[in-house]
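Please look over the sequence and the structure shown here before reading on. The report that follows takes up a strand and its partners, then a pocket, and then an annotated domain.

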Amino acid sequence: MFMSDTAAGMHFSVLGPTDSVDDGRVSDFYAYPDDLRRCWVRGNMIASIDGGATTDGKAGGMADAGDRVLFRLMRYAADVVVVGAATVRVENYSGVQVPIAHRSARQRRGQAEVPPIAVVTRSGNLDPDARFFTRTDVPPLILTCADAYQNTRGRLSGVAEVINASGPRSDRVDSTALLKVLAERGLYRVLSEGGPQVLGMLIENDQLDELCLTVAPLLLGGQAPRIATAPGEVRTRMRPAHLLRDDAGYLYTRYVRAE
């Protein structure tokens, strides 16, 4: 049988039926490494088969029941959820809601019962009456730049902890400064839910340790954005950690930085 040069020596695996995974084991798939002494940054995003990150302007429009289950499980495992201000507004975020059983599990791991959401905002332009501030069990962290810090603190200090997370430039949030702020608070298990600019910043600065990408069985076409955008291009080699699927045809991938 003729074999082309491109296939010679390659090993391919066929994705086929596997045993079902119970709830407890699914949680194990998304456990963070033990004994962390630095921030471990996980990104969680969804995209269509043709690479679109939103439909009708929202990522949540592509989600299905399985994606929502894993979305919550990843939140339950995290010390902090990092998200951009635009995503908070568009997706109408509220605080993380953690059931009693998962709160007990978090306490056993030495975590706070509920992880705060840390919002990355260059302008600090957030409405203090938004449900993000009013429907939450713990005050959010607002990570802004030096130029906007005083104004933002004056408007939001009653509903959030406002933090200067600038680096060398005072007009923007710096991801290295951001992760230092989180590490100083012992928030090592970091979950980034985007949007594309926040994820792109972490990738560009070589700070993303793993990416959990849900592939929705949809074709979008049009001009939907990618899951990550940044001025600079980098190549970070990743290895597949696991691949799950559900009956609705969604694929749940997890890629970890290659050693």
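## Strand 7 and its partners

In this predicted model, strand 7 and strand 9 run antiparallel and are joined by six bridges. Within this pairing, Leu 211 has Tyr 255 of strand 9 as its bridge partner.

Strand 7 also pairs with strand 1, which covers residues 40–48, and here the two strands run in the parallel sense over seven bridges. In this second pairing, Met 45 stands opposite Leu 213 of strand 7. Because six of its seven residues are buried, strand 7 is largely enclosed by the rest of the structure.

## The second largest pocket

The second largest pocket holds about 690 Å³ of space. It is lined by 26 residues, and those closest to its centre are Ile 203, Leu 211, Arg 226, Ala 228 and Val 234. By residue type, the lining consists of 13 nonpolar, six polar and seven charged residues.

Which elements supply at least two residues each to this lining? They are helix 8 (196–204), strand 7 (210–216) and strand 9 (251–257), and the largest share, five residues, comes from helix 8.

## The annotated domain

According to an unreviewed UniProt entry, the feature "domain: Bacterial bifunctional deaminase-reductase C-terminal" is placed at residues 40–251.

Terms used. Residues are numbered from 1 along each chain as its sequence is written. This is a predicted model: local features need pLDDT of at least 70, side-chain atom pairs count only at pLDDT 80 or more; totals for chains, interfaces and linings use all residues. Side-chain values use heavy atoms; hydrogens and water are left out. UniProt positions are given in the numbering used here, feature names are shortened, and annotations may be inferred rather than shown by experiment. On a 1 Å grid over the protein atoms alone, a cavity is a set of points where a 1.4 Å probe fits but cannot get out, and a pocket is an open set with protein on both sides within 12 Å along at least five of seven lines; lining residues have an atom within 4 Å of a point. Grid points are joined across faces, edges and corners, and a volume is the space filled by probe spheres set on the points. Helices (H or I, at least four residues) and strands (E, at least two) are DSSP runs, numbered from the N terminus. Ala, Val, Leu, Ile, Met, Phe, Trp, Tyr, Cys and Pro count as nonpolar, Asp, Glu, Lys and Arg as charged, and the others, Gly among them, as polar. Buried means under 20% relative accessible area, exposed over 50%, partly exposed in between (1.4 Å probe, protein chains only). Two strands pair if DSSP finds at least two bridges between them.
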